[in-house]
Amino acid sequence: MKKTIFEITKMDCPSEENLIRMKLDGISSIANLDFDIPNRKLTVFHSGEIDQIEKSVIELNLGGKKISTKQTDQTEFKENKNQKKLLWSVLVINFAFFIIEMTTGIISKSMGLVADSLDMLADSFVYGISLFAVGGTVIKKKRIARLAGYFQIILAIIGFVEVLRRFFGDEKLPDFSTMIIVSIFALIANGICLYILQKSKSKEEAHMKASMIFTSNDVIINLGVIIAGILVHYLSSNKPDLIIGTIVFILVIQGAFRILKLSK
């Protein structure tokens, strides 16, 4: 048995972990995957050569880089029996906030909230693919990933068109208080998701929880919408909301292309 450690610079939250798991699914030489999200490290326990595994990690464009490979005597690994239950929990939370943010975003005329709702939906897709394709064939997983990726891109393009319309039109200011309040709750929800997913792993990671949360893309987006809401209020302009919406739509499309890579 060999142990290879990868540094994955863009592995910010558990959704990237699931993307990597799906990408490496089916490589028979892999015995176990051990993720260290706070330190952006992936340890792969495998037999044989690392070439195929390394190629698959690099193809995801998450900044994957092999650090070391060495022999190991470890042959037994602690399986997480609650993984499916945990994935269901974070899927429900993410999808619920997709509905909440999409609804309040439309009502309050905030593109920041609408865009963030799509980011929540993107994470739901990743967890959903992991769950609904459990035990299924690789072809089934790829088909689901392809549909999810294209659907995500279509929604993001519609969002871009709406941003342009509002940028050049004479639109009413978004409700800044709704933007801030809903984003604070979304921030808490993301923190809960990260806690749920991490509590099944080494308890030694508990002291790193804060750094883990604040390096998450999802949390950074939530903070961005909150700041945009404050600027909308003080500047009496909808431009901060449109700017943060555009940034998030770009991130959503990047996430969609990562999902589409799984379908190849």
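This is a predicted model: local features need pLDDT of at least 70, side-chain atom pairs count only at pLDDT 80 or more; totals for chains, interfaces and linings use all residues.
Residues are numbered from 1 along each chain as its sequence is written, and side-chain values use heavy atoms, with hydrogens and water left out.

Let me start with the cores. A nonpolar core here is a set of buried Ala, Val, Leu, Ile, Met, Phe, Trp, Tyr and Cys residues joined through side-chain atoms within 4.5 Å, where buried means under 20% relative accessible area, exposed over 50%, and partly exposed in between, with a 1.4 Å probe and protein chains only. The largest such core has 41 residues, and Phe249 and Ile259 have the most contacts inside it. At least two of its residues come from each of α1 (14–24), α3, α4, α5 (138–168), α6 (176–198), α8 (217–235) and α9 (239–262), and α4 gives the most, with 12 residues. Helices (H or I, at least four residues) and strands (E, at least two) are DSSP runs, numbered from the N terminus. Taking contact as heavy atoms within 4.5 Å, and not counting residues up to four places away in sequence, Phe249 touches Met111, Val114, Ala115, Leu118, Ala156, Gly159, Phe160 and Val163. A second, separate core of 16 residues includes Phe6, Leu24, Ile27 and Ile53.

Now to strand β3, where Thr43 is found. Thr43 counts as buried, at 13% relative accessibility, and, leaving aside neighbours within four places in sequence, Thr43 is in contact with Lys3, Thr4, Ile5, Asn32, Leu33 and Asp34.

With a relative accessible area of 33%, Lys109 is partly exposed. Lys109 lines the second largest cavity, together with Arg166, Glu171, Lys172, Pro174, Asn238, Asp241 and Leu242. A cavity, on a 1 Å grid over the protein atoms alone, is a set of points where a 1.4 Å probe fits but cannot get out, and lining residues have an atom within 4 Å of a point. The lining has two nonpolar, one polar and five charged residues.

Methods. On a 1 Å grid over the protein atoms alone, a cavity is a set of points where a 1.4 Å probe fits but cannot get out, and a pocket is an open set with protein on both sides within 12 Å along at least five of seven lines; lining residues have an atom within 4 Å of a point. Ala, Val, Leu, Ile, Met, Phe, Trp, Tyr, Cys and Pro count as nonpolar, Asp, Glu, Lys and Arg as charged, and the others, Gly among them, as polar.
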